[in-house]
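Subject: the structure, and its salt bridges

Hi,

Here is the structure I promised to send over. Have a look first, then read my notes below.

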Amino acid sequence: SFCFIAFLSAVYSYLKIRASNKLIKKANQMVRQQNSIIEEKNHEIIDSINYAKIIQEAILPKNSLKEEMTNCFVYYKPKDIVSGDFFWFKNIENRFLLAAVDCTGHGVPGGFMSMVGHSGMNSAVTEYNLRKPSAILEQLSTHVINSFNDEEGEGAIKDGMDAALCSI
């Protein structure tokens with residue numbers, strides 16, 4: 001009778017382990033499926049961010065700056081794939097306008113801010129015909145504020161940018 005009880009106990013343990021192994025295999029399969037989905041989504045996100053980098057770099061005036069000012073160079077090394085930092089240059093009426101801008105945030109949010117900042121700088125000199133750095137920066141500030149909701153509370157944008165602008 002002791003051997004029979006030991007045998008039943010062993011069979012019960014075997015069946016319990018077998019059932020546990022089936023659950024573990026099923027869980028492992030689900031984990032592999034979830035990992036596959038995560039890897040696919042991550043790949044899509046990285047591809048999208050890399051394309052945003054191409055768009056962001058297209059607005060940077062690397063070639064025109066080097067053509068206008070031969071004894072210069074640009075050192076631009078973003079922390080992330082897309083950046084909240086940008087430089088800007090315009091040659092208008094024999095006046096060189098140069099700016100270095102640090103937007104709040106890095107990565108995708110900083111990239112959005114840099115696009116808003118870049119369009120604000122361009123707007124200030126082309127649409128508003130501003131040439132004085134202080135006037136350009138004031139117009140840029142207005143542009144940034146108008147580009148986002150000025151709501152208070154949860155949806156409010158509290159980001160901005162630090163900019164250095166000189167006129168030569």
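Predicted model: local features only at pLDDT ≥ 70, side-chain atom pairs only at ≥ 80, totals over all residues.

Residues are numbered from 1 along each chain as its sequence is written, and side-chain values use heavy atoms, with hydrogens and water left out.

I went after salt bridges (a side-chain nitrogen of Lys or Arg within 4 Å of a carboxyl oxygen of Asp or Glu), and the count is three. For accessibility, buried means under 20% relative accessible area, exposed over 50%, and partly exposed in between (1.4 Å probe, protein chains only).

Start with helix α1, residues 2-59. Lys41 and Glu44 pair up there at 3.8 Å, N to O. They sit three residues apart, so about one helical turn separates them. Lys41 is partly exposed at 46%, and Glu44 is also partly exposed, at 39%.

Next, Lys79 bridges to Asp80 at 4.0 Å, N to O. Lys79 is exposed at 64%, while Asp80 is partly exposed at 31%.

Then there's Arg131 with Glu93, whose closest N and O atoms are 3.4 Å apart. This pair links distant parts of the chain, 38 residues apart: Arg131 lies in the loop between α3 (107-126) and α4 (133-147), Glu93 in the loop between β1 (85-92) and β2 (95-103). (Helices, H or I of at least four residues, and strands, E of at least two, are DSSP runs numbered from the N terminus.) Arg131 is buried at 16%, whereas Glu93 is exposed at 65%.

Cheers
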